[in-house]
Amino acid sequence: MAGQRGRYSCRGMRSLVLIGHGSHLNSDSARAVFRYADLLRGAGLFDEVIEGYWKEEPSLRQVLRTTASTDVTVIPMFISEGYFTETVIPRELGLGHQGPVPPEGIARVIGGRTVRYTLPYGVHPAMTDVIVARAREVLPELGADGPADGIETALIVLGHGTTRNENSSRVIHENAARLAGTGLFSEVHALFLDEEPRVNGWPDRVRAPRVVIVPFFASEGWHTLETIPQDLGLTGQVTDFPGNPHGPQQVLYARPVGTHAAIADVIVHLAEEARGTLGPGGDAERGHEAAWQAFLSRARAGTRIGELLITPELGVFEVRHQLDEGRPGGDLMTLVTPEGVRDQVRVTDGGEHRPVHTLRSVPRGWRAVLNEADLRRAVHYAYPAMVEETYAHSCHALRPTPWATTARRQTGIYAKVQRAVPEQVERVATRVCGACLRTRLWAGERLTHSFLDGVPGGMPCAEACTFLVAEVREEVARKKAAAASDD
């Protein structure tokens with residue numbers, strides 16, 4: 001990828017947005033997206049690389065506002081097509097599209113930005129090479145014409161599978177078919193956890209004495225580290241099965257494809273192939289730049305945003321928790337990169353995940369020393385979209401979305417929030433939003449002064465966040481369960 005540096009250098013500005021699922025519970029859930037964003041950012045192929053999430057921040061409803069360019073390519077960081085890539089992400093981004101995404105992607109103009117939405121990275125044909133690369137890690141004898149030691153070797157491409165969307169399993173079958181035609185393996189099987197043919201029946205299907213299993217999963221997690229090894233009786237990277245129906249067999253268990261470094265190249269291919277990327281590129285988005293200049297003008301004189309204190313010092317900026325004001329720098333852990341700040345503020349002092357960054361729970365005990373460019377990124381990580389949305393609010397350009405509109409938009413397991421009565425929503429909001437710095441414009445509250453006016457906790461909330469939506473869903477479910485038990 002380093003050899004591709006500067007590919008877009010003679011064109012206008014381009015922003016790349018990587019979309020992940022995220023989690024309300026697990027701070028590690030976004031690490032794979034972070035990793036690829038960092039790789040691509042370091043390669044210099046795009047003017048900026050931004051991450052957005054379904055269940056974290058910046059949310060899908062916010063992320064386009066955080067891009068500095070009017071030319072934006074959005075890539076869903078999912079292993080296959082399905083509900084999120086075909087329904088949730090297009091809906092939340094406002095693409096006006098539902099259903100399968102065409103191979104060339106979708107292009108729309110949204111808020112003055114040209115937005116290109118691609119297929120998920122996992123369906124790109126180059127993923128076949130990533131599967132082979134993972135297989136070679138556990139079987140170095142695998143050459144260009146098959147195993148050099150001549151032992152017949154089968155490959156199992158293992159997918160999750162689901163009965164809810166047939167496109168989810170299609171990519172597994174397509175990769176298995178391509179690999180079957182290469183002659184690298186004596187057998188190639190597409191097997192699944194949650195649909196037929198299921199992987200726990202592999203001993204009856206596979207005849208080769210050696211078997212390589214490559215999980216077609218986006219990341220290391222519960223399935224790849226626990227349930228798959230337990231269900232299949234794997235004891236490590238290599239496991240012998242002496243009593244199988246077709247004779248003794250040895251299983252080599254590879255790491256999931258989604259954590260391989262080559263995924264960064266797959267993302268670049270997708271971005272290049274997206275509809276319209278051969279055009280001249282975009283310009284700097286004027287509202288975005290104006291927002292940051294308004295913030296930086298305050299930062300250069302010293303300011304506070306949320307729980308953070310920003311102090312200019314000899315051409316750089318120090319950032320620390322406001323409650324650590326006055327503590328000697330030697331008593332605090334020193335961070336020197338925006339990514340260091342990002343990782344620091346993802347959890348509370350007690351180690352709990354912070355999916356909503358404006359909750360009053362930023363950990364203490366650290367300081368960051370950053371130049372002006374890095375300060376912008378660090379503040380973006382600490383309070384995603386807040387600079388852009390607060391500036392838009394000050395210009396009367398931030399339109400609140402009432403709860404009823406947010407509720408009507410929900411589908412799948414969250415559709416039940418449409419049944420929540422106002423009293424339920426307010427009860428949950430009192431508990432959840434009471435610990436948040438933002439003012440609920442979506443509930444009719446007014447914000448007259450913000451951190452851009454010198455009021456640290458002044459931040460707008462234009463729409464109920466996914467964390468609140470999830471909590472309202474739980475409230476509705478509890479009420480239904482309580483009513484059923486009374487009956």
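**View 1. Phe317 meets its partner across two strands.** In this predicted model, Phe317 has Leu370 in strand S17 as its bridge partner. The strands involved are S15, residues 316–321, and S17, residues 366–370. S15 and S17 pair in the antiparallel sense, over four bridges. Strands of a sheet pair through backbone hydrogen bonds, either parallel or antiparallel.

**View 2. The open sheet of five strands.** The strand order is S13-S14-S15-S17-S16, and the pairing is mixed. Strand S13 (303–305) and strand S16 (333–335) stand at the edges. Each has a single partner strand, so one side of each lacks a neighbour in the sheet. On average, neighbouring strands are turned by 25° against each other, direction ignored.

**View 3. Two helices lie across the sheet.** Helix H8 covers residues 286–299. H8 lies across S13, strand S14 (308–313) and S15. H8 runs at about 130° to S13. Helix H10 covers residues 372–382. H10 lies across S13, S14, S15 and S17. Its angle to S17 is about 140°.

**View 4. Cysteines without disulfides.** A search of the whole structure finds zero disulfides. Cys395 is in none. For Cys395, the nearest cysteine sulfur belongs to Cys461, 19 Å away. Cys395 counts as partly exposed because its relative accessibility is 42%. Cys433 is in no disulfide either. For Cys433, the nearest cysteine sulfur is that of Cys465, at 6.4 Å. A disulfide would need the two sulfur atoms within 2.5 Å. Is Cys433 buried or exposed? Cys433 counts as buried, because its relative accessibility is 18% and the cut-off for buried is under 20%.

Key
Residues numbered from 1 in each chain as written. Predicted model: local features only at pLDDT ≥ 70, side-chain atom pairs only at ≥ 80, totals over all residues. Heavy atoms only, no water. Pairing = 2+ DSSP bridges. Axes fitted to C-alpha atoms, helices over the stretch in contact; angles between N-to-C directions. Contact = heavy atoms within 4.5 Å. Buried < 20%, exposed > 50% of the residue type's maximum accessible area, 1.4 Å probe, protein only.
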